[in-house]
Amino acid sequence: MSAAAAVDFDAVVIGGGPAGATAADDLARLGHRVLLLDRAGRIKPCGGAIPPRLIQDFAIPEHLLVARATAARMVSPKAVEVDIPIEGGFVGMVDRQQFDEWLRERAASHGAVRCVGSFERMTRDDDGLSVVHFSADGGARSVRTRAVIGADGARSQVAQQAVPAADRGRFVFAYHEVIAVPDALPPGYAPGRCEVHYNGTLSPDFYGWVFPHGASVSVGTGSADKGFSLRRGVMQLRAAAGLAHARTLRREGAPIPMKPLPRWDNGRDVVLAGDAAGVVAPASGEGIYYAMLGGRLAAEAVAQLLTTGDARALATARRRFMREHGRVFWVLGLMQRFWYSSDKRRERFVSICRDKDVQQLTFDAYMHKRLVRARPLAHMRIFFKDMAHLLGLARV
Ligand SMILES: Cc1cc2nc3c(=O)[nH]c(=O)nc-3n(C[C@H](O)[C@H](O)[C@H](O)COP(=O)(O)OP(=O)(O)OC[C@H]3O[C@@H](n4cnc5c(N)ncnc54)[C@H](O)[C@@H]3O)c2cc1C
């Protein structure tokens, strides 16, 4: 039997969230035989905010946007509010139940084989090919493949089993409540405005949020401090938003990785993507865009491996990602450690956000995933203002 006939799939993608569904779609479009294995039954806990760059790069149809935020409100520990209009654009809101399923179906429509099942382990046959073992339909199953993409989320089993140093991940634990928006809107509630609260009582090291989703709203917070009560934080946020007695639809939480893993591949036939690779932006916790980009880069790396047989191609996924976003992740990590460490600093941070240059730079970076190089003077001004705040020279 030829090697080609002996494999069941060219690639097996484990996990059907944004990373895995994108990877499976891209590989299927290239004509590869792909299995997309996803454990069903749980809606991913997520605020569901996505930037226009994602909508554009991954061809997301309008109907998946349940709301569009055209303004953001930053709230300081002393309840100082800084409103930032999102000029000429919007932040899209998606509900992950529909969004993820739509992405998986798009992959299937291009030829990926979908399977509802739970990954268990990988072994290697005598000829060196990987065998993926999983449970599905109440039984044990296995498939042989040339490549595996591990997109099975923050607690990735693929990473633990196949990729060196995968146990070095750091996490914030995030928790949110999905609430039905009452018919009579609470005073101050704006369906087109995201709120971001910086306050040590809501989170000692992250932030709290109120993200409107049309008929529902996500109210959540996060922290790396295991002793901190996220539920109490959310209760407080709900009260502040006038949503204390509104109907709760879901309560759910999940870890958010805070640092890209040092390696995303095993040098042979496995590569990671998305939360499994540790790629969520520090400070903001934004992960959907980076998961989809990671899925795309992993798919390109696997396509190259399948065509050339050269396993070094797998390392290009991390290299390319870090070349484009590594510096921003590093800066955001510094920001989180500095600005989110005390209420005094949070107060200053919100105060900085009043600055038009800071608003412009932040939104360009978030919405379009680029820093605008055309305005070096503005960057200089921000740098000096930032320094003034860091050193406590500027008034709050
Ligand atoms: C409370 C909260 C709020 C957030 N808010 C935002 C936000 O507003 N905007 C934003 O951009 N990001 C947000 N994030 C981060 C974002 O949700 C993640 O970064 C993103 O979902 C990562 O996508 P992924 O495909 O890598 O992983 P996931 O979305 O976690 O998908 C992993 C998939 O793998 C499957 N899986 C896991 N184990 C197995 C197994 N053994 N076998 C088979 N399948 C398996 C799961 O069922 C799941 O479908 C938030 C996260 C949390 C926790």
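What pLDDT does the protein chain average, and what share of the residues score at least 70? The model is predicted. Its protein chain averages a pLDDT of 92, and 92% of the residues score at least 70. Residues 1-5 fall below 50. Beyond near neighbours in sequence, this stretch has one contact in the model. Where pLDDT is low, the predicted coordinates should not be read in detail.

The domain assignment divides the protein chain into three parts. Domain 1 comprises 3-43 + 98-169 + 262-327. Domain 2 comprises 49-95 + 170-257. Domain 3 covers 331-390. The centres of domain 1 and domain 2, taken over C-alpha atoms, are 29 Å apart. Contact between these two domains involves 15 residues of domain 1 and 18 residues of domain 2. On the domain 1 side, helix 4 (96-109) and helix 7 (288-308) each give two or more residues. By class, this side of domain 1 has seven nonpolar, six polar and two charged residues.

The ligand is surrounded by 37 residues. Gly15, Gly17, Gly47, Gly274 and Gly287 are the closest. The helices are helix 2 (18-29) and helix 7. The strands are strand 2 (34-38), strand 9 (118-124), strand 12 (171-180) and strand 16 (248-257). The shell has 17 nonpolar, 14 polar and six charged residues. Domain 1 and domain 2 both give residues to the shell, so the ligand lies between them.

Helix 2 and helix 7 also pack against each other. Their axes are 7 Å apart, at an angle of about 35°. The crossing is right-handed. From helix 2, the contact draws on Pro18, Ala19, Gly20, Thr22, Ala23, Asp26 and Leu27. Helix 7 gives Ile288, Ala291, Met292, Gly294, Gly295, Arg296, Ala298, Ala299, Val302 and Ala303. By class, the contact has 11 nonpolar, four polar and two charged residues.

Key. Residues are numbered from 1 along each chain as its sequence is written. This is a predicted model: local features need pLDDT of at least 70, side-chain atom pairs count only at pLDDT 80 or more; totals for chains, interfaces and linings use all residues. Domain bounds come from an automatic or database domain assignment. Two residues are in contact if their C-beta atoms, placed from the backbone, lie within 7 Å. Helices (H or I, at least four residues) and strands (E, at least two) are DSSP runs, numbered from the N terminus. Ala, Val, Leu, Ile, Met, Phe, Trp, Tyr, Cys and Pro count as nonpolar, Asp, Glu, Lys and Arg as charged, and the others, Gly among them, as polar. A residue is near a molecule or strand if its C-beta atom, placed from the backbone, lies within 6 Å of it. Axes are lines fitted to C-alpha atoms, for helices over the stretch in contact, and angles run from 0 to 180 degrees between N-to-C directions. A crossing is left-handed if the near helix is turned anticlockwise from the far one by less than a right angle, and right-handed if clockwise. pLDDT is the predictor's confidence in each residue, from 0 to 100.
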